[in-house]
Amino acid sequence: EEELVLNQVVDLLDGEFAATRLCIVLEENSSLKCQYHFSGSGAESSLLNHTTEVLVGKNARLELNFVQEVGRGNLMTTTEVSCERDSSFTTNCIQLSGKLIRNNLNIRLKGENVETHLNGFYMINSNELFDNHTHVDHLVPHCDSNETYRGILSGNATGVFNGKVFVHRDAQKTNGYQSNNNILLSDDATMNSKPELEIYADDVRCSHGSTTGQLDEEAVFYLRARGLDEFGATALLLTAFASEVLNSISNEELRAILEEKIQAKLKEMRA
């Protein structure tokens, strides 16, 4: 098993535009972990348009991690994934900064016994807008898709989650799970969540759900009664909230770095 680390550095000047493309082809019985990092301090009128094309061959394994922190710049991504028989695909998308981030993730399960995991975590502050759209096509029987997206919103930020699981008529014995949970830290933050199931097979197990609300005041009070200040109690609860997505990242070093970045952004949101 190989691990490939790709670092995409985005530092566009005001008014500049860039388009990048990544193509990953995993042959039969291969395994790969890939990290793609969008970073930079682009101005508000800068834009990066990125496309990722992925083919996961028979009995192949891929973990694809995206870290997105483009300052005040704008980022648009499209990820097209095709999975063959007995393969496994996992993607973890961590979104930390950007004036506008739009992610389109489209997955086609073309062979039987495919397992996919779609995980996302976003922290939105000020007037940022993060927009996530996912589409999972179950074309054949005996496939599993698991989708977990979680978000923390502050200031007058806006978040969007639109996830769709499409189960075709021949895709019997499908297991499809979809969840989107969000915490609002201010009265001006807005979350628009629309999980969808479109099912044409009659022997499936599919579920979806979405929640948006505030922190549990009783949990905050409990932690403060045991010596934590308000920020410490809040940070502990929000870190635990994010952990379900972060724990899906197998790279321990990357996970530790992201935990530090999340703590730093929580302090920024508090300010």
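Tutor: Let's start with Asp131 and Arg102, which form a salt bridge with their closest N and O atoms 3.5 Å apart. The term means a side-chain nitrogen of Lys or Arg within 4 Å of a carboxyl oxygen of Asp or Glu. This pair links distant parts of the chain: Asp131 sits in strand 10 (residues 129–138) and Arg102 in strand 8 (residues 100–109), 29 residues apart. Asp131 is buried at 12% relative accessibility, while Arg102 is partly exposed at 26%. The cut-offs are under 20% relative accessible area for buried, over 50% for exposed and partly exposed in between, with a 1.4 Å probe and protein chains only.

Before going on, a word on the ground rules: this is a predicted model, where local features need pLDDT of at least 70 and side-chain atom pairs count only at pLDDT 80 or more, while totals for chains, interfaces and linings use all residues. Residues are numbered from 1 along each chain as its sequence is written, and side-chain values use heavy atoms, with hydrogens and water left out.

Strands 8 and 10 turn up again at the largest cavity, where they are among the elements giving two or more residues to the lining, along with strand 5 (residues 61–69), strand 6 (74–83) and strand 7 (88–97). That cavity holds about 130 Å³ of space and is one of two cavities of 30 Å³ or more in the whole structure. On a 1 Å grid over the protein atoms alone, a cavity is a set of points where a 1.4 Å probe fits but cannot get out, whereas a pocket is an open set with protein on both sides within 12 Å along at least five of seven lines; lining residues have an atom within 4 Å of a point. Grid points are joined across faces, edges and corners, and a volume is the space filled by probe spheres set on the points. Of the 15 lining residues, Phe66, Thr79, Cys93, Asn103 and Leu105 lie nearest the cavity's centre. The lining has five nonpolar residues, 10 polar and no charged; Ala, Val, Leu, Ile, Met, Phe, Trp, Tyr, Cys and Pro count as nonpolar, Asp, Glu, Lys and Arg as charged, and the others, Gly among them, as polar.

Back to the salt bridges: the structure holds nine. Another one joins Lys261 to Glu69, with closest N and O atoms 3.1 Å apart. Here helix 3 and strand 5 are linked across 192 residues. Lys261 is partly exposed at 29%, and Glu69 is buried at 16%. Arg21 and Glu53 make one too, at 2.5 Å, joining strand 2 (residues 17–26) to strand 4 (residues 47–56). In that pair Arg21 is exposed at 58% and Glu53 partly exposed at 30%.

Helix 3 (252–270) also gives two or more residues to the lining of the largest pocket, as do strand 13 (174–184), helix 1 (217–224) and helix 2 (230–246). Helix 2 gives the most, with five. The pocket holds about 470 Å³, and its 21 lining residues include Leu185, Leu215, Val220, Glu230 and Thr234, which lie nearest the centre. By class, that lining has 11 nonpolar, five polar and five charged residues.

Terms used
Helix = DSSP H or I, 4+ residues; strand = E, 2+ residues; numbered from the N terminus.
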